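Trainee: I would like to go through the labels used for this model and ask what stands behind each one.

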Amino acid sequence: MIEPVLADREFAPRRDRIRITGQPDDLQAFVMPDAFAIVLRNLINNAVLYAEGDDAITLTIGPKQLTITNDCAPLEAELLQQLTTRFVRGDKTKRGSGLGLSIVARIIQDCNGTLTLSSPLPETSRGFSATLIFP
């Protein structure tokens, strides 16, 4: 389910920046494939859009968990808490409408999963991660 999204014409030119840790087939999520593809596209698009430089975007896959991380300046705690609100954007100079993370949050909520956003990354002063945990 992950590889077809990465092969999408939107991500194919950037595929060399996307690193996968774990086995995609190990992910067990009870979510409609189309809905999962929407979630994945939104999260990867955000990671590519907000990553600084040519640093890699990492997808870390476990049996019931997927974490997508990228390097960027840390987000303020107040902004981080609001990112799943419709029309809230991390950087207003970037393209987008601020709907992606609100859509992701709603889909994950509807399948009884959780979405956790973190910035900076643990033990660093930079970065952003979005973690999906499925029941």
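Predicted model: local features only at pLDDT ≥ 70, side-chain atom pairs only at ≥ 80, totals over all residues.

Trainee: What makes F36 and F134 an aromatic pair?

Mentor: Ring centres have to lie within 6.5 Å. For F36 and F134 the value is 6.2 Å centre to centre, so the two rings count as a pair under that cut-off. The structure holds 1 aromatic pair.

Trainee: Why is the pair of F36 and F134 called tilted?

Mentor: Planes under 30 degrees apart count as stacked and over 60 as edge-to-face, with the rest tilted. The planes of F36 and F134 make 55°, so the pair falls in the remaining class.

Trainee: What does the pair tie together?

Mentor: F36 lies in helix α2 and F134 in the segment after β5, so parts 98 residues apart in sequence are tied together.

Trainee: How do you know whether F36 is buried or exposed?

Mentor: Buried means under 20% relative accessible area. F36 has 4% relative accessibility, so F36 is buried. F134 also counts as buried, with a relative accessible area of 4%.

Trainee: Why is N45 called buried?

Mentor: The cut-off is under 20%, and N45 has 17% relative accessibility, so N45 counts as buried. N45 is in helix α2. Leaving out residues up to four places away in sequence, N45 touches E10, F11 and R95.

Trainee: Why are β1 and β4 said to stand at the edges?

Mentor: The open sheet has 5 strands in the order β1-β2-β3-β5-β4, with mixed pairing. β1 and β4 each have a single partner strand, so one side of each is left without a neighbour in the sheet. Neighbouring strands are turned by 15° against each other on average, direction ignored.

Trainee: Which helices lie against these strands?

Mentor: Helix α2 packs on the sheet and touches β1, β2, β3 and β5, its direction making about 20° with that of β3. Helix α4 lies across β4 and β5, at about 145° to β4.

Key
Residues numbered from 1 in each chain as written. Heavy atoms only, no water. Phe/Tyr/Trp six-rings, centres within 6.5 Å; stacked < 30°, edge-to-face > 60°. Helix = DSSP H or I, 4+ residues; strand = E, 2+ residues; numbered from the N terminus. Buried < 20%, exposed > 50% of the residue type's maximum accessible area, 1.4 Å probe, protein only. Contact = heavy atoms within 4.5 Å. Pairing = 2+ DSSP bridges. Axes fitted to C-alpha atoms, helices over the stretch in contact; angles between N-to-C directions.
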